[in-house]
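My notes follow as numbered points.

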Amino acid sequence: MPTMFFLAAVILFVAAEFVIGWWTLPVIGLVLGLVGARRKGVSVQVGVAAVTAWLMLFGWTALQGELGIFMHSLAVSMKLAPVMLLAVIVALPVLMASAAARLGAGLRPESSAVTPS
């Protein structure tokens, strides 16, 4: 069962990507990494949340009837087989968001590491 952190991450990714665009993936990933720095496997959770949001938006676009034509023209212009294009599309949000979350988690100072002087 998904955690509240995961569900909140999916909602944030969907909203940000819908309103602003794909480049919000690393921005939201960084913020979620900072917020969830103490969570075990935060970068994996953020990466899965990003790809879940990405696929939800692609599914919604497909229901509107515009995705098939776009995907075909994109695959032709990139000279990729449709399966490879799908792999690239799935890998992009995972790599961008999880790397940014890992960076955000690494930037957050640990309270146990701080020693009083």
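1. Residue classes come first. Ala, Val, Leu, Ile, Met, Phe, Trp, Tyr, Cys and Pro count as nonpolar; Asp, Glu, Lys and Arg count as charged; the others, Gly among them, count as polar. By these classes, the lining of the largest pocket has nine nonpolar, one polar and one charged residues.

2. Provenance. This is a predicted model, where local features need pLDDT of at least 70, side-chain atom pairs count only at pLDDT 80 or more, and totals for chains, interfaces and linings use all residues. Residues are numbered from 1 along each chain as its sequence is written, and side-chain values use heavy atoms, with hydrogens and water left out.

3. Fold. The protein chain has five helices and zero strands, in the order α-α-α-α-α. Helices (H or I, at least four residues) and strands (E, at least two) are DSSP runs, numbered from the N terminus. The C-alpha trace spans about 65 × 25 × 25 Å along its principal axes.

4. Burial and surface. Of the 117 residues, 33% count as buried (under 20% relative accessible area; exposed is over 50%, partly exposed in between; 1.4 Å probe, protein chains only). The chain exposes about 7500 Å², with 75% supplied by carbon and sulfur atoms. Areas come from the Shrake-Rupley method with a 1.4 Å probe, and for residues only the protein chains shown count as cover.

5. Contacts. A contact means heavy atoms within 4.5 Å. Among contacts between residues at least 6 apart in sequence, 76% join residues at least 24 apart.

6. Glutamate 17. This residue lies in helix H1 (residues 4–19). Glutamate 17 counts as buried because its relative accessibility is 9%. Beyond neighbours within four places in sequence, its contacts include Leu25, Ala50 and Trp54.

7. Leucine 25. This one sits in helix H2 (residues 24–35). Its relative accessibility is 0%, so leucine 25 counts as buried. Not counting residues up to four places away, leucine 25 touches Phe13, Glu17, Ala50, Trp54, Pro93, Met96 and Ala97.

8. Largest pocket. Its space is about 220 Å³. On a 1 Å grid over the protein atoms alone, a pocket is an open set of points where a 1.4 Å probe fits, with protein on both sides within 12 Å along at least five of seven lines; lining residues have an atom within 4 Å of a point. Grid points are joined across faces, edges and corners, and volume is the space filled by probe spheres set on the points. Glu17, Trp54 and Leu57 are among the lining residues. H5 gives the largest share, four residues.
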